[in-house]
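Student: Could you walk me through this structure? I'm new to it, so please spell out the terms as we go.

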Amino acid sequence: MYDYDLLVVGSANADLVIAVERRPDAGETVLGGDLAVHPGGKGANQAVAAARLGARTALLARVGDDAYGRLLLDSQRAAGVDTVGVLVGEAPTGVALITVDPSGDNSIVVSPGANGRLKPQDIHAAECLFQASRVVSVQLEIPPETVEEVVRSLAPDSRFVLNPSPPRPLSAKVLAACDPLIVNEHEARVVLGEACVSDRPEDWAKLLLAKGPRSVVVTLGAEGALVASSAGVERIPSVKVDAVDTTGAGDAFTGALAFRLAAGADLVEAAAYAARVGAAAVTKEGAQVSFPTAEEVEAL
């Protein structure tokens, strides 16, 4: 019996968000709205998204011994996430500087801070969390050697979910463990590199699958998603909503998908559920504060 449906290993940031009429060009200054500070970071976001849906969730991350770190810990605990794996200190809490335009699209610059101090030895020391977790989800806002150690630490029957964001080259060992590898359009192009010889997402999914993952999910925003596995490629329809802020929508999708896999759903079913969760998340401002409960997803 697993103690956790999902263990998220990854980043925890404070999101500093400003609404702008348009994003500035190089050398240009634009005026924006009032600064809003929200708990964020891809790892912390995924943990909160899953926990709000009812998943038994733990987070393995590092934050600073500062006000932003306390904000993040409070947010995790309020959502029901077990923070026994959250380490404190060695550097300031990571910060994401985010601008959001009227269409809801965002641009993000991240200062990793304490996230860059999450080391392989921290993963090794948390072995009990890996043995207790049905699904382990990771992103790439932590050092690459730490991601490699996560793969080495997986329990024999657990499932590994990776969102390679921000995208960078991945080792064959990490790719082979992914079930699924979850990418958006930009991440798909970067991971494929010179192999990206097509503009069709269906082709991206097949090419990514050929790189070694057991399965692949390509998220397409308002166009839904694609699921690729040895069974073929299947399109997941989108849910039509009025987008307010897309910040954290991909994290909500990934957290929801990982939770449904832990609950025994197949990948297509899990991706369809995750698409509804992602759609609900973009209807409100902010990342974690916008993530829906299971009841809100059902009502969508």
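Student: Is Glu90 buried or exposed?

Tutor: Glu90 counts as exposed, because its relative accessibility is 61%; buried means under 20% relative accessible area, exposed over 50%, and partly exposed in between, with a 1.4 Å probe and protein chains only. This is a predicted model, in which local features need pLDDT of at least 70 and side-chain atom pairs count only at pLDDT 80 or more, while totals for chains, interfaces and linings use all residues. Residues are numbered from 1 along each chain as its sequence is written, and side-chain values use heavy atoms, with hydrogens and water left out.

Student: Where does Glu90 sit, and what is its phi?

Tutor: Glu90 is in the loop between strand S5 (82-88) and strand S6 (94-100), and its phi is positive, about 80°, although Glu90 is not a glycine. Most residues other than glycine have a negative phi, and most peptide bonds are trans. Helices (H or I, at least four residues) and strands (E, at least two) are DSSP runs, numbered from the N terminus.

Student: Switching to the whole chain: how many helices and strands does it have?

Tutor: The chain has eleven helices and 13 strands, and its C-alpha trace spans about 50 × 45 × 40 Å along the principal axes.

Student: How much of the contacts join residues at least 24 apart?

Tutor: Among contacts between residues at least 6 apart in sequence, 66% join residues at least 24 apart, where contact means heavy atoms within 4.5 Å.

Student: Which residues of H1 are buried?

Tutor: Lys42, Gly43, Ala44, Asn45, Gln46, Ala47, Val48, Ala49, Ala50 and Ala51 are buried in H1. That is ten of the eleven residues of helix H1 (residues 42-52), so the helix is largely enclosed by the rest of the structure.

Student: What covers them?

Tutor: The cover of the buried residues of H1 includes strand S1 (4-9), S3, strand S4 (57-63), helix H2 (67-79), strand S8 (133-138) and H9. H1 is followed by Gly54, which has a positive phi near 110°.

Student: And what about H10, how far does it reach?

Tutor: Helix H10 (residues 267-281) has 15 residues and reaches 21 Å from its first C-alpha to its last, close to the 21 Å expected at 1.5 Å a residue; the expected span is 1.5 Å times one less than the number of residues. Eleven of the 15 residues of H10 are buried, so H10 is largely enclosed by the rest of the structure, and among those buried are Leu267, Tyr273 and Val277.

Student: Is Gln139 buried or exposed?

Tutor: Gln139 is buried, with a relative accessible area of 0%, and it lies in the loop between S8 and helix H5 (144-153). Not counting residues up to four places away in sequence, Gln139 touches several others, including Val8, Lys42, Gln46, Leu162 and Ser165.

Student: What does His38 contact?

Tutor: Leaving aside its neighbours within four places in sequence, His38 is in contact with Asn13, Ala14, Asp15, Val17, Leu71, Gly286 and Val289. His38 lies in strand S3 (residues 36-40) and is buried, with a relative accessible area of 18%.

Student: Last one: is Asp242 buried or exposed, and which residues does it contact?

Tutor: Asp242 is exposed, with a relative accessible area of 68%, and it lies in the loop between strand S13 (232-236) and helix H9 (249-262). Leaving aside neighbours within four places in sequence, Asp242 is in contact with Val282 and Thr283; the C-alpha atoms of Asp242 and Thr283 are separated by 6.2 Å, although the two are 41 residues apart along the chain.
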